[in-house]
Amino acid sequence: MKMMPLALTLPAPQTVMVSSSPIYLLPTSSLQNRTSFRAFCSSVSPETIHSEGSKAEYKPGILDHFFLNSFRDKLVKEVGWDSEKPGYGGLIELAKALMMNNRSNSHTKDAAVRILKSLFPPLLLELYKILIAPIDGGKVAAMMVARVTVLTCQWLMGTCKVNSVDLPDGTSCNSGVFVERCKYLEESKCVGICINTCKLPTQSFFKDYMGVPLLMEPNFSDYSCQFKFGVSPPLPEDDNTLKESCLDVCPIANKRREIRRNVDAMKCPNA
């Protein structure tokens, strides 16, 4: 925020914290050349805090580029062609093709599971499910995959952190991952891509191949997402996420609307 010119002529303020709000003390000269202080409070609205916090963006490193290229290579093999777009934009285009090329949502989900499975050595998945998943009722395995998710997947989802979630047995555990603003959803702009190439296949993959139940709760209003490792997802008919209409800016819904005028623009055909 730019300072007003008048502020440049003022002495540097002293700051005192009172509760959660800063108090700025500005010196004013008295007749005896002593210094007294005038106090004023700076209040920051929750909206401002949210706006400033949302500016934080994850900056990929060398390993992140490796993860992106590896994931993209697997997508190319599944789709059968590569995008001309470089980097993340090309990956999103391939994700859209993955969904559009398959005959049904179930086929899209199965294809995405195959991609996830191919990223791991087969023996590693089997050993994890047999040796790690049963420890302490699954809590150890859930906490481990939560930490690995944060370490290896921020290039895909954006800034995220481990948090505590409630488990079915009534206890809580640091086996959650909170994604502040999912880059994958924001870039794809499609509820169907989120559900059928990310949420459903990821839940299935961790449960079936690593022995760790997972519930993913994407928020289509602010693009955040809560991972809950150790928590089983509800039945499809009880999962409100699967009943969401697509975003107004969904490119797939808009494209199909142009082709078939009778398709509801608010309903993604793949959600």
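The chain holds 10 helices and 7 strands, where helices (H or I, at least four residues) and strands (E, at least two) are DSSP runs numbered from the N terminus. The model is a predicted one, in which local features need pLDDT of at least 70 and side-chain atom pairs count only at pLDDT 80 or more, whereas totals for chains, interfaces and linings use all residues. Residues are numbered from 1 along each chain as its sequence is written, and side-chain values use heavy atoms, with hydrogens and water left out.

An open sheet is formed by 4 strands in the order β4-β5-β7-β6, with antiparallel pairing, two strands being taken as paired if DSSP finds at least two bridges between them. Because β4 (160-166) and β6 (214-218) stand at the edges with a single partner strand each, one side of each is left without a neighbour in the sheet. On average, and with direction ignored, neighbouring strands of this sheet are turned by 25° against each other; axes are lines fitted to C-alpha atoms, for helices over the stretch in contact, and angles run from 0 to 180 degrees between N-to-C directions. Strand β5 (residues 172-179) is joined to the antiparallel strand β7 (residues 225-229) by 4 bridges, and Val 179 stands opposite Cys 225 in β7.

Helix α6 (residues 139-152) lies across β4, β5 and β7 and runs at about 25° to β5, while helix α9 (residues 191-210) packs on the sheet, touching β6 and β7, with its direction at about 160° to that of β6; contact means heavy atoms within 4.5 Å.
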